[in-house]
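Biologist: Can you put the chain up so we can go through the helix packing?

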Amino acid sequence: MGWLWAIIVGFVLGLLAKAILPGKQHMPLWLATVLGIIGGVVGNSLAAAFGIAETRGIDWGRHALQVAAAVVLVFLGEMAYKSVRGKQVT
């Protein structure tokens, strides 16, 4: 069940990252989901390093780090995708 939850959270993080970034992103949804999953893992690792991975109540700090990591990864992934596909910003 953990893998299914990771896919769902990665999908949501990928969509949030695409919504936060300005302009239109050309990457496919599956790539944003994969980068969202990786962003979630990176955000959890950063939260553990900062000592805020497990708190009482809602882990706002961990969630903020997950979203921030997903935004950075989707931004870098979009740049790489455009360079590979040869699409220019319009």
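Biologist: Where does the model come from, experiment or prediction?

Modeller: This is a predicted model.

Biologist: Okay. How many helices and strands are there in the chain?

Modeller: The chain has 3 helices and 0 strands. Read from the N terminus, the order is α-α-α.

Biologist: What box do the C-alpha atoms fill?

Modeller: Roughly 45 × 25 × 20 Å, taken along the principal axes.

Biologist: And what share of the residues is buried?

Modeller: Of the 90 residues in the chain, 33% are buried.

Biologist: What about contacts between residues 24 or more positions apart?

Modeller: Such pairs account for 61% of the contacts with a separation of 6 or more.

Biologist: Now the packing. At what angle do H1 and H2 pack?

Modeller: At about 105°, and their axes are 7 Å apart. H1 and H2 are therefore roughly perpendicular to each other, since angles of 65 to 115 degrees fall in that class.

Biologist: Which residues make that contact?

Modeller: On the H1 side they are Ala-6, Ile-7, Gly-10, Phe-11, Leu-13, Gly-14, Leu-15 and Lys-18. H2 brings in Leu-29, Ala-32, Thr-33, Gly-36, Ile-37 and Gly-40. By class, the contact of H1 with H2 has 8 nonpolar, 5 polar and 1 charged residues.

Biologist: Take Thr-33 from that list. Is Thr-33 buried or exposed?

Modeller: Thr-33, in helix H2, has a relative accessible area of 12% and is therefore buried, the limit being under 20%. Apart from neighbours within four places in sequence, Thr-33 is in contact with Ile-7, Gly-10 and Phe-11.

Biologist: On to H2 and H3. How do their axes cross?

Modeller: The axes of H2 and H3 come within 7 Å, with a crossing angle of roughly 140°. H3 covers residues 60-85.

Biologist: Why is that pair oblique?

Modeller: An angle has to be over 145 degrees to count as roughly antiparallel, so H2 and H3 are oblique to each other. The crossing of H2 past H3 is right-handed.

Biologist: Which residues of H2 and H3 meet there?

Modeller: From H2, the residues are Leu-31, Leu-35, Gly-36, Ile-38, Gly-39, Gly-40, Val-42, Gly-43, Asn-44, Leu-46, Ala-47 and Phe-50. They meet Arg-62, Leu-65, Gln-66, Ala-69, Ala-70, Leu-73, Val-74, Gly-77 and Tyr-81 in H3. The contact of H2 with H3 counts 13 nonpolar, 7 polar and 1 charged residues.

Biologist: That leaves H1 and H3. What are the angle and distance for their axes?

Modeller: The axes of H1 and H3 come within 8 Å and cross at roughly 65°. That makes H1 roughly perpendicular to H3. H1 also passes H3 in a right-handed crossing.

Biologist: Who is in that contact, and what classes are they?

Modeller: H1 supplies Leu-13, Leu-16, Ala-17, Lys-18 and Ile-20, while H3 supplies Gln-66, Val-67, Ala-70, Val-71 and Val-74. The residues of the contact of H1 with H3 divide into 8 nonpolar, 1 polar and 1 charged.

Biologist: How far is Ala-17 from Gly-2?

Modeller: Their C-alpha atoms are separated by 22 Å, with the two residues 15 apart along the chain.

Biologist: Last one. Where is Gln-25 found?

Modeller: In the loop between helix H1 (2-20) and helix H2 (29-50). Gln-25 has 10% relative accessibility and therefore counts as buried.

Biologist: Which backbone oxygens does the side chain of Gln-25 reach?

Modeller: The side chain of Gln-25 reaches the backbone oxygen of Gly-23 at 3.3 Å. A polar atom of that side chain also lies 3.5 Å from the backbone oxygen of Pro-22.

Biologist: And what does Gln-25 contact beyond its neighbours within four places in sequence?

Modeller: Gln-25 is in contact with Lys-18 and Glu-78.

Technical notes:
Residues are numbered from 1 along each chain as its sequence is written. This is a predicted model: local features need pLDDT of at least 70, side-chain atom pairs count only at pLDDT 80 or more; totals for chains, interfaces and linings use all residues. Side-chain values use heavy atoms; hydrogens and water are left out. Helices (H or I, at least four residues) and strands (E, at least two) are DSSP runs, numbered from the N terminus. Buried means under 20% relative accessible area, exposed over 50%, partly exposed in between (1.4 Å probe, protein chains only). A polar contact is a pair of N or O atoms within 3.5 Å; within protein, one must be able to donate a hydrogen and the other to accept it, and residues adjacent in sequence count only if both atoms are side-chain atoms. Contact means heavy atoms within 4.5 Å. Axes are lines fitted to C-alpha atoms, for helices over the stretch in contact, and angles run from 0 to 180 degrees between N-to-C directions. Angles under 35 degrees count as roughly parallel, over 145 as roughly antiparallel, 65 to 115 as roughly perpendicular and the rest as oblique. A crossing is left-handed if the near helix is turned anticlockwise from the far one by less than a right angle, and right-handed if clockwise. Ala, Val, Leu, Ile, Met, Phe, Trp, Tyr, Cys and Pro count as nonpolar, Asp, Glu, Lys and Arg as charged, and the others, Gly among them, as polar.
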